[in-house]
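Here's a quick tour for anyone meeting this structure for the first time. Take a look at it, then read on.

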Amino acid sequence: MAPPPSACPAKVSGLDNLRDPRLSKGLAATIEERQLLGIHGLLPARVKTQAEQVSHCLRNIRRLENPLDQYIYMMDLLERNERLFYKLLSENTEELMPVVYTPTVGEACQKYGYIFRKPQGLFITIKDKGHVIDVLRNWPRNDVKAICVTDGERILGLGDLGAQGMGIPVGKLALYTALADIPPYQTLPIVLDVGTNRDELRESEDYIGLRQKRATGPEYDEFIDEF
């Protein structure tokens, strides 16, 4: 079936549409939407409602016995289908809040470098001192309404986790969207990476942050003031 003559051609390519978690509807895209967006044939023929997709995700999560595996599943979902992630979380908050936030996020932060898939939020390091504003300008949106920031020094009683503390602002802002209806594109998780005093992290081949001891004193204060 051809799209109606009045339809405007998609400005984003079919594959880009499917790969953008903020645009993708997954199998919930109707046949007409698939044709208009240029993704007809790039998905299986089955069209699912969002409710059916949520049910499918819940079954997958419940098959996983390890909470960290459930966390990884949820973060993977966020990276491929944002609207489905928030639909799932908002309708099953009691079950899934412990997965995307405490207590599971604590273990996720401890193993953040190991399970790291795709960057979320901004990582601003002490090395950026003097041009923090330039790093902030790299964020693709300028209509941010909610920011959650950590320097990773004290994460849920687990101590200094450095840059791996990113799991906290990501999880907290996800709940702001699910529970307070703040649009996800208006949220911004940030880690201020000033190093870590944990030897095991600095020496770990999986650690994603600066491999230096934590900056303190005037250097730290000036960096925070600039931010």
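This is a predicted model: local features need pLDDT of at least 70, side-chain atom pairs count only at pLDDT 80 or more; totals for chains, interfaces and linings use all residues.

In total, 20 residues line the largest pocket, and Arg22, Glu82, Gln120, Gly121 and Trp139 are the ones that lie nearest its centre.

Now for the second largest pocket. H5 and H10 each supply at least two residues of its lining, and the largest share, 5 residues, comes from H5. Among the residues lining the second largest pocket are Arg22, Glu82, Tyr86, Thr177 and Tyr185.

| Pocket | Volume | Lining by class |
|---|---|---|
| Largest pocket | about 450 Å³ | 12 nonpolar, 3 polar and 5 charged residues |
| Second largest pocket | about 240 Å³ | 5 nonpolar, 2 polar and 5 charged residues |

What about the strands? There's an open sheet of 3 strands in the order E1-E3-E2, paired in parallel. Strand E1 (122-125) and strand E2 (146-150) sit at the edges with a single partner strand each, so one side of each has no neighbour in the sheet. From one strand to the next, the twist averages 25°.

E1 and strand E3 (residues 187-193) run parallel and are joined by 4 bridges. Along this pair, Phe123 stands opposite Val191 in E3. Helix H10 (residues 167-180) lies across E2 and E3, and runs at about 165° to E3.

Note on methods
Residues are numbered from 1 along each chain as its sequence is written. Side-chain values use heavy atoms; hydrogens and water are left out. Two strands pair if DSSP finds at least two bridges between them. Axes are lines fitted to C-alpha atoms, for helices over the stretch in contact, and angles run from 0 to 180 degrees between N-to-C directions. Contact means heavy atoms within 4.5 Å. On a 1 Å grid over the protein atoms alone, a cavity is a set of points where a 1.4 Å probe fits but cannot get out, and a pocket is an open set with protein on both sides within 12 Å along at least five of seven lines; lining residues have an atom within 4 Å of a point. Grid points are joined across faces, edges and corners, and a volume is the space filled by probe spheres set on the points. Ala, Val, Leu, Ile, Met, Phe, Trp, Tyr, Cys and Pro count as nonpolar, Asp, Glu, Lys and Arg as charged, and the others, Gly among them, as polar.
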